[in-house]
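Good morning, and thank you for joining. I will speak briefly about one structure, which I ask you to keep in view.

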Amino acid sequence: MATNPFAPPTVYLPFAKEDNGMSSPNHGYRLRTGRQSESGRIYLLTAVTHGRQQFFKDWRMGRLVVHEFRRAQESGNATSIAWVVMPDHFHWLVELHNGDLPKLMQTTKSRSARAINKERGCHETLWQKGYFDRVLRREEDLKAAARYIIANPLRAGLVTSVRDYSLWDAIWL
């Protein structure tokens, strides 16, 4: 039986399977208890819009988030391995370099919120407080997490092929 390269991974994600972790407010504002962010580690990060508003249905707003992923890489704070910007959240697989994870996420979310609010001519809360993180430990986890990220628009029924979704990327492509 052939396997689907975009099938969801068997990676433990930091949230309950039934809610995909994006509706639970518990502990999303900080790294999980006992965790410290470390340079050189790879993290799967998820941030959700305030009230699950679908700000990124407009791909131009999603591109402003992508711009902040690129800024983080250009500044030397992180290397983007894979990412997807969905209508109401993003998943970002990064290798952390200079700085720390809370600072990376705070900077990315605040800069993208300012840019999006400026573009929309308003001043709204864009992001839920906090984020979800998962440190990856094995090479297999890295590829499985990248597949999970890239296949997100397929699982959500937004497209029938990842090629039809414009707000994703991975270093292997």
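I begin with Leu45, which stands opposite Trp92 in strand β3. Strands here are DSSP runs of E of at least two residues, helices are runs of H or I of at least four, and both are numbered from the N terminus. A word on provenance: the model is predicted, local features need pLDDT of at least 70, side-chain atom pairs count only at pLDDT 80 or more, and totals for chains, interfaces and linings use all residues. Residues are numbered from 1 along each chain as its sequence is written, and side-chain values use heavy atoms, with hydrogens and water left out.

Strand β1 covers residues 42-48. It pairs with β3 (residues 89-96) in the antiparallel sense over seven bridges, where pairing requires at least two DSSP bridges between the strands. With β4 (residues 132-136), β1 pairs over five bridges, also antiparallel, and there Tyr43 stands opposite Val135.

Are the residues of β1 buried or exposed? Seven of its seven residues are buried, that is, under 20% relative accessible area with a 1.4 Å probe, protein chains only; exposed means over 50%, and partly exposed lies in between. Ile42, Leu44, Thr46 and Val48 lie on one side, and Tyr43, Leu45 and Ala47 on the other.

Turning to Leu104, its contacts (heavy atoms within 4.5 Å) include Leu45, Trp92 and Val94, not counting residues up to four places away in sequence.

Finally, Asp133 belongs to β4 and is buried, with a relative accessible area of 2%.
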